Structures are given as C-alpha cells and as structure tokens.
Amino acid sequence: MGLFDFFKGKPPARTSLEQLSYNIAYQILPHYVFRQAAQLFDIVEKADENSHYLFYHLGCKAQEIPSLQEEATQYRWHQCELDANHTLLLLAYPQATPVDLTGKSLEEVKQSAGTWVLAPHFSGIVRNKSSQHIRYYVLGQTSMGGGTVLREIDDMGTNANLGAGPQPTLEAFVDLMRQRLGQQASMP
C-alpha cells in the first residue's frame, strides 16, 4: 500500500453480467434505438469486433467499472431481413443465471431482492426500410417457471409486457419477430 492509497476510494463493486445486460437493454440501448437509429445500424453493419462490444463498454462506463475483454466477447450483434421491407438488428446477451421464484412466499421474494436480476436474452430492433419506423423489443427472463417474456419499449420509454415469449434461442426470437410483423400487417 502506497502512502496516498489511503485517500483513494474503494473501487466500485463489480456489477453482474445480468445487471449490466439489464441496464443495456432497458436504459442504454433504447436511447440509441430511438434517437440515433441510423448511426446504430451503420455501426452494426460494419461488423467489426468493436461494434459487438460497444454497448457492453457503454454499460461498464455508466456503472463506472472497467471493461473486461472476456465479458465483452459474450455480447453479439446479428442482423437479418425479416421480410422485403423490414430489417432486424438483434443483440444477444450473455447466458444469464436462471431465476425461478415459483413457490416462494412474498417475504422470501422481498428478502432475496437484489440477489437476482431478470436478465434479457435478446434485444431486437425492427426497422421499416421505407418509413424508417423503429420498434424495439426485449426477450427476457420471467420470475416464475423459467420461461421468457416479450416486452416492447417505445420512444417515450413505455415498457409494455406483450406476454410469454419463445425459448431463448436466436432462431425462435427471429421467428417471433416475423410472426409479430404478420400480426401487425393483418390489423386494420
């Protein structure tokens, strides 16, 4: 310990990957999705390693913790065409520790609060190529039964629960996004 080390504050506690992913999905990424979508699509289309890690690094910066390369590599962007007029950018998060509060009393849940995070599996950004309209979805964990839930966040920050989601696989999430487009197209 050096002479002046006493005056340094304690380093910030390490944030779990689940909490970091949650912060990225619900706080950091929506800002870029609705305010800088064109730049976001450009960054991801470059497809270099920095584009994969960008939001991980932004999440670490927001928490004032150092980025770790081995954690950063667990965040991956994917891009696909949903149909002739819609593109999907999808951020896959690190595999999260499963949460299942089934059978727990309200007291047990309250006592364990802060020890678990309902982490996201994927964030999906659907862009209409002609109108540039954006929709933002998060497939995350549920607190009961180990399933998933689909949420949509709009440009005003409203976080809507759209119900149970599919298995947390890339293919199942992409299929769900295609189904949602089909449902929206058939609405009057």
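Predicted model: local features only at pLDDT ≥ 70, side-chain atom pairs only at ≥ 80, totals over all residues.
If you trace the chain between them, you will find that the pair links distant parts: Tyr75 sits in the loop between α4 (69–72) and β1, while Tyr93 sits in the loop between β2 (86–92) and α5 (106–112), 18 residues apart.

In total, the count comes to six aromatic pairs. Another one to look for joins Phe55 and Trp77, again edge-to-face, at 6.0 Å from centre to centre and with 70° between the planes. Phe55 belongs to helix α3 (residues 49–63) and Trp77 to strand β1 (residues 76–83), so this pair ties together parts that lie 22 residues apart in sequence. Both Phe55 and Trp77 are buried. Which residues do ring pairs link into a cluster? They are Tyr32, Phe55 and Trp77.

Aromatic rings can also have a charged neighbour. For an example, turn to Phe41: Arg127 lies over the face of this ring, at 3.7 Å from the ring centre.

Next, find helix α1 (residues 17–35), where Asn23 is located. Is Asn23 buried or exposed? Its relative accessibility is 7%, so Asn23 counts as buried. Setting aside the neighbours within four places in sequence, Asn23 is in contact with Ile28 and Gln63.

You can find Trp116 in the loop between α5 and β3 (120–128). Its relative accessible area is 26%, so Trp116 is partly exposed. Apart from neighbours within four places in sequence, Trp116 is in contact with Val99, Leu101 and Val109. Take Leu101 from that group: Trp116 and Leu101 are 15 residues apart along the chain, and their C-alpha atoms are separated by 10.0 Å.

Now for the spaces between the atoms. The largest pocket has a volume of about 170 Å³. It is lined by 13 residues, and those closest to its centre are Pro98, His121, Gln141, Gly146 and Gly147. What classes of residue make up this lining? The lining of the largest pocket has four nonpolar, eight polar and one charged residues.

To find the largest cavity in the model, look for its lining residues: Val126, Arg135, Tyr137, Met177, Arg180, Leu181 and Gln184. Where do these residues come from? Both β4 (134–141) and α6 (170–185) supply at least two residues of the lining, and α6 gives the most, with four residues. By class, the lining of the largest cavity has four nonpolar, one polar and two charged residues.

Note on methods
Residues numbered from 1 in each chain as written. Heavy atoms only, no water. Buried < 20%, exposed > 50% of the residue type's maximum accessible area, 1.4 Å probe, protein only. Contact = heavy atoms within 4.5 Å. 1 Å grid on protein atoms, 1.4 Å probe; cavity = no way out; pocket = protein on both sides within 12 Å on 5 of 7 lines; lining within 4 Å. Points joined across faces, edges and corners; volume = space filled by probe spheres on them. Nonpolar A, V, L, I, M, F, W, Y, C, P; charged D, E, K, R; others polar. Phe/Tyr/Trp six-rings, centres within 6.5 Å; stacked < 30°, edge-to-face > 60°. Lys NZ or Arg CZ within 6 Å of the ring centre and 35° of its normal.
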